[in-house]
Amino acid sequence: MGLISGMVIGMLLGIALMAAMKKAMMYRSIKRISKAVDIAVLGDLDRDDLKKLCADNYPEWISFPLFEQVKWLNKQLSKMWPFVATAASMVIKESVEPLLEQYRPTGITSLKFSKLFLGNVAPKIEGIRIQSLKKGQIIMDLDLRWGGDPSIILAVQTLGPSLPIQLKDLKVFTVVRVIFQLAEDIPCISAVVVALLSEPKPKIDYTLKAIGGSLTAMPGLSDMVEDTVDSIVSDTLQWPHRIVVPIGGVPVDIRCLIKMRLVKIRNLVS
């Protein structure tokens with residue numbers, strides 16, 4: 001008799017324990033779903049929504065970054081950089097050398113690259129911002145940081161001696177605007193437009209070192225080279241100036257529309 005009653009009590013306790021565990025699991029599941037819904041709703045809130053929700057208790061440490069982090073892209077860029085650096089070095093040399101000749105200051109008879117290699121350290125993209133999605137184009141801003149190890153030597157020929165100058169400790173801090181011009185034909189991109197935004201102002205730091213000589217032997221040469229580099233950047237790369245790279249042989253429309261509003265006219269004579 002005692003054995004049967006013990007078995008019945010044990011079965012009842014087991015059933016009660018299973019029912020309690022099932023109820024606890026359902027409760028936890030409902031709580032997880034509710035929390036996921038709350039997080040999804042909070043994720044859709046912007047700064048103004050939070051200020052309305054929190055009123056005077058809005059915490060100042062909450063921020064909404066304009067640029068999205070792209071760690072995955074930096075990892076892929078590091079793997080691709082040996083190939084990108086080689087190709088980009090050739091493109092830069094072919095496109096920049098004519099500009100060096102065009103902006104060559106008085107007193108320098110020749111200014112060109114004797115060596116140009118972008119090094120083994122890839123640039124780092126701190127973040128990407130989709131500026132706008134217009135019909136026919138995608139506009140992206142890339143927050144770029146680069147403190148690489150390039151090997152860049154300029155062959156500077158003056159009226160006097162020739163002096164090779166090395167650009168060392170190159171550091172670049174800028175926001176790069178990349179515009180993809182879309183097309184209906186494969187590869188669906190007719191051109192890539194690249195420019196440096198004027199705000200924040202591009203910051204390019206470097207030091208000049210004479211190889212086999214001294215810059216003091218040619219007074220003013222360092223300032224002339226720096227002024228030439230700054231002029232090329234501001235006149236050819238800084239927005240609205242840009243570089244257009246056609247892709248796939250698709251015709252490219254590179255016209256730029258400028259909107260102007262007339263404010264006042266003085267001394268107008270018919």
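# A nonpolar pocket and the strands of the sheet

The lining of the largest pocket divides into 42 nonpolar residues, three polar ones and no charged ones. (Ala, Val, Leu, Ile, Met, Phe, Trp, Tyr, Cys and Pro count as nonpolar, Asp, Glu, Lys and Arg as charged, and the others, Gly among them, as polar.) This is a predicted model, in which local features need pLDDT of at least 70 and side-chain atom pairs count only at pLDDT 80 or more, while totals for chains, interfaces and linings use all residues. Residues are numbered from 1 along each chain as its sequence is written, and side-chain values use heavy atoms, with hydrogens and water left out.

Let us stay with the pocket for a moment. The largest pocket holds about 1,800 Å³ of space. Its lining has 45 residues, and those closest to the pocket centre are Ala88, Ile92, Leu118, Val194 and Leu237. (On a 1 Å grid over the protein atoms alone, a pocket is an open set of points where a 1.4 Å probe fits, with protein on both sides within 12 Å along at least five of seven lines; lining residues have an atom within 4 Å of a point. Points are joined across faces, edges and corners, and the volume is that filled by probe spheres set on them.) Helix H3, residues 71-102, supplies the largest share of this lining, with 13 residues.

Now step back to the whole fold. The protein has four helices and eight strands, where helices (H or I, at least four residues) and strands (E, at least two) are DSSP runs numbered from the N terminus. Along the sequence the pattern reads α-α-α-β-β-β-β-β-β-β-α-β. Of the 270 residues, 27% count as buried, a word that stands for under 20% relative accessible area with a 1.4 Å probe and protein chains only, against over 50% for exposed and partly exposed in between.

Eight of its 10 residues are buried, so E3 is largely enclosed by the rest of the structure. E3 runs antiparallel to strand E5 (residues 162-182), and 10 bridges join the two; strands pair if DSSP finds at least two bridges between them. Ile138, for instance, has Phe180 in E5 as its bridge partner. Asp143 also lies in E3 and is buried, at a relative accessible area of 14%. The C-alpha atom of Asp143 is 5.7 Å from that of Ile125, 18 residues away along the chain.

Strand E4 (residues 151-158) is likewise largely enclosed by the rest of the structure, because six of its eight residues are buried. Eight bridges tie E4 to strand E1 (residues 108-117), in antiparallel fashion, and six antiparallel bridges tie E4 to E5. Follow Gln157 across: this residue of E4 is the bridge partner of Ser110, and in E5 its partner is Ser162.

E5 has a backbone detail of its own. Most residues other than glycine have a negative phi. Asp169, which lies in E5, has a positive phi near 55 degrees.

What does a search for aromatic pairs find in the whole structure? There is one such pair. The rings of Trp81 and Trp146 have centres 6.3 Å apart and planes at 65 degrees, so the pair is edge-to-face. (Rings of Phe, Tyr and Trp, its six-membered ring, pair if their centres lie within 6.5 Å; planes under 30 degrees apart are stacked, over 60 edge-to-face, the rest tilted.) Trp81 sits in helix H3 and Trp146 in strand E3, 65 residues apart, and the pair thus links distant parts of the chain.
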